[in-house]
Every structure is written in structure tokens, then in C-alpha cells.
Amino acid sequence: MARIISFSNQKGGVGKTTSCVNLATALALRSKRVLVVDFDAQCNASSALGEFDKQPKNSVYDVLCDDLPAKDAIRKSELENLSFIPSSCDLAGAELELSQIVIGRERVLQDKLAEIGDDFDFIFIDCPPSLGLLTVNALTASNGVIIPIQSEYYALEGMSQMMNTIKLVKKFLNKQLEVDGVILTMFDNRSKLSRGVYEEIIKVFGDKVFETKIPRNIRLAEAPSYGKPVMLYDKKCSGAVAYSALADEFLAK
């Protein structure tokens, strides 16, 4: 069965989607079979993998709310070992629809991914920037969670709420859920602030923090507009090099 990992942080703009897509790409380049599930109505992971339609046919919304088999929603990226299930702007209404399910509404995604678990080594879920029912579904379906945190003053703001959500999901819905790692993003080694934030994050998360830090890099920002992960856009840029190193560290854990 695939190892299922949610990428989650209720703060937006912290590099969550960038980390999900590019770590998935780096693993696919290492011959791992990887599926990215875009679970955010903003559809950013989908566009980063070449799907720019915000209401595509057979999206993750159809899997959740219209009982579409997950295998029928899978798309191939331009990389052989990397597939994805696109999101849709319709997903914004999915929480309301799921909330009307009386029993098992937190396990809908888990049941759907179980149908395809044998087809992949890793399934990465790009969660929405919130702690609602969609994120609870993702965490319930996952073996672990990776938390990208931006190197800024307010980096740890809201972390206690997020960790409490993870704790509750682990207690009541998914006993195997663990924090697999914390990725420090938008890091500037010349900045005293970035180094200070890193030290604070180490105090909170200890050895859960990846040693590899993701730098600020214009190529990382440009790549999604071309529908490509950064390693297929500019494999020599600092962002691509960092995510490649992160993949090695991830696999060594």
C-alpha cells in the first residue's frame, strides 16, 4: 500500500503546494510511483502539473461527492511516474455536502484512496489552507503529515491550533497519524530573521524539522505558470536543487 502524506498548514502562502508538487516530482525522478491529490479548491497543484481548467471533468470533487472511483480521476503528468487527481473550484462547496453525511463523513477520502493504494508508492494530498472537514478527511486518510513553514516572524502563528487538530484526528479517527516532518520554506541564509525562525521551529518540533531548507527562488514562483514542477522547468536552479536534496533526506528518514 502507498504511504499517504498530507501537506498541511492553515496559513496560506507558506509554500505548501510548492513543496507537495516538487517533492513528489523529485521522488518520481527517483523511480517512485507518486500520486498528487489536489484537495484545495484554488487548484494550484493541478495547474502546477499542467491542468489549468478550474472545473475539469472527473476531479477530486466528483470522487468525493459524486461517488466517482478514484482511478477514473487520475491524470498522467509529463513525468512517467508522477500522476495527479485534479481539483475543481466546485470543491469549495464540498464541505457543506460532506457535512450532511451522518456516518463516516470524515472517512470519505480514506475509502476512496484505499481503492488505488496498491498502484503507488506515495500519495501526497495538498490540503486547503484551513482546518475544516476537507483537511480532517485528508488527515484521516494519511499515515503522516508534512508541515511547510515560511521563514518569517509569524511562522508559528496558528501552529498550536493545527497541532491540536492533528492530535484530535489521531485520538478519534486515525491512530497511526504522525508528523513526518517540517519543511522550512522561503529561507534566506543571509537573514538573521530566517535563522532565528529556524531556531524557534527547532525548539518546537525538534528532529522533525528537515535539515534541507527551501530558499526563496524566482524559478520556483515561475514554474507553475508554465504548468511544470521546478525540476522540469529549471533543474539547475537553487529551488530545484533544494527539493532534490529534500527528497534524499525524506527517503532516508
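**Exercise 1. Find out which residues Thr165 is in contact with, leaving aside its neighbours within four places in sequence.**

Step 1: Thr165 is in contact with Leu131 and Leu139, where contact means heavy atoms within 4.5 Å.

Step 2: Before going on, note that this is a predicted model, where local features need pLDDT of at least 70, side-chain atom pairs count only at pLDDT 80 or more, and totals for chains, interfaces and linings use all residues. Residues are numbered from 1 along each chain as its sequence is written, and side-chain values use heavy atoms, with hydrogens and water left out.

Step 3: Now place the residue: Thr165 sits in helix α7 (helices are DSSP runs of H or I with at least four residues, strands are runs of E with at least two, and both are numbered from the N terminus).

Step 4: Thr165 has a relative accessible area of 14%, so it is buried (buried is under 20% relative accessible area, exposed is over 50%, and partly exposed is in between, with a 1.4 Å probe and protein chains only).

**Exercise 2. Work out how α6 and α7 pack.**

Step 1: Helix α6 covers residues 133-141 and helix α7 covers residues 159-172; their axes are 10 Å apart, at an angle of about 55°. Axes here are lines fitted to C-alpha atoms, for helices over the stretch in contact, and angles run from 0 to 180 degrees between N-to-C directions.

Step 2: α6 and α7 are therefore oblique to each other (under 35 degrees is roughly parallel, over 145 roughly antiparallel, 65 to 115 roughly perpendicular, and the rest oblique).

Step 3: Who touches whom? On the α6 side you'll find Val136, Leu139 and Thr140, and they meet Thr165, Ile166 and Val169 in α7. Sorted by class, this contact of α6 with α7 has 4 nonpolar, 2 polar and no charged residues (Ala, Val, Leu, Ile, Met, Phe, Trp, Tyr, Cys and Pro count as nonpolar, Asp, Glu, Lys and Arg as charged, and the others, Gly among them, as polar).

Step 4: Check the cover on α6: 9 of its 9 residues are buried.

**Exercise 3. Which residues have the most contacts inside the largest nonpolar core?**

Step 1: Leu23, Phe124 and Phe250 do, in a core of 34 residues. A nonpolar core is a set of buried Ala, Val, Leu, Ile, Met, Phe, Trp, Tyr and Cys residues joined through side-chain atoms within 4.5 Å.

Step 2: Helix α1 gives this core its largest share, 7 residues.

Step 3: Look at Phe124: not counting residues up to four places away in sequence, it touches several residues, including Ile5, Cys20, Leu23 and Phe250.

Step 4: There's also a second, separate core of 28 residues, with Ala73, Val108, Ile116 and Phe120 among them.

**Exercise 4. Is Ser31 buried or exposed?**

Step 1: Ser31 belongs to the loop between α1 and β2.

Step 2: Its relative accessibility is 57%, so Ser31 counts as exposed.

Step 3: Ser31 has a phi near 70°, which is positive in a residue other than glycine.
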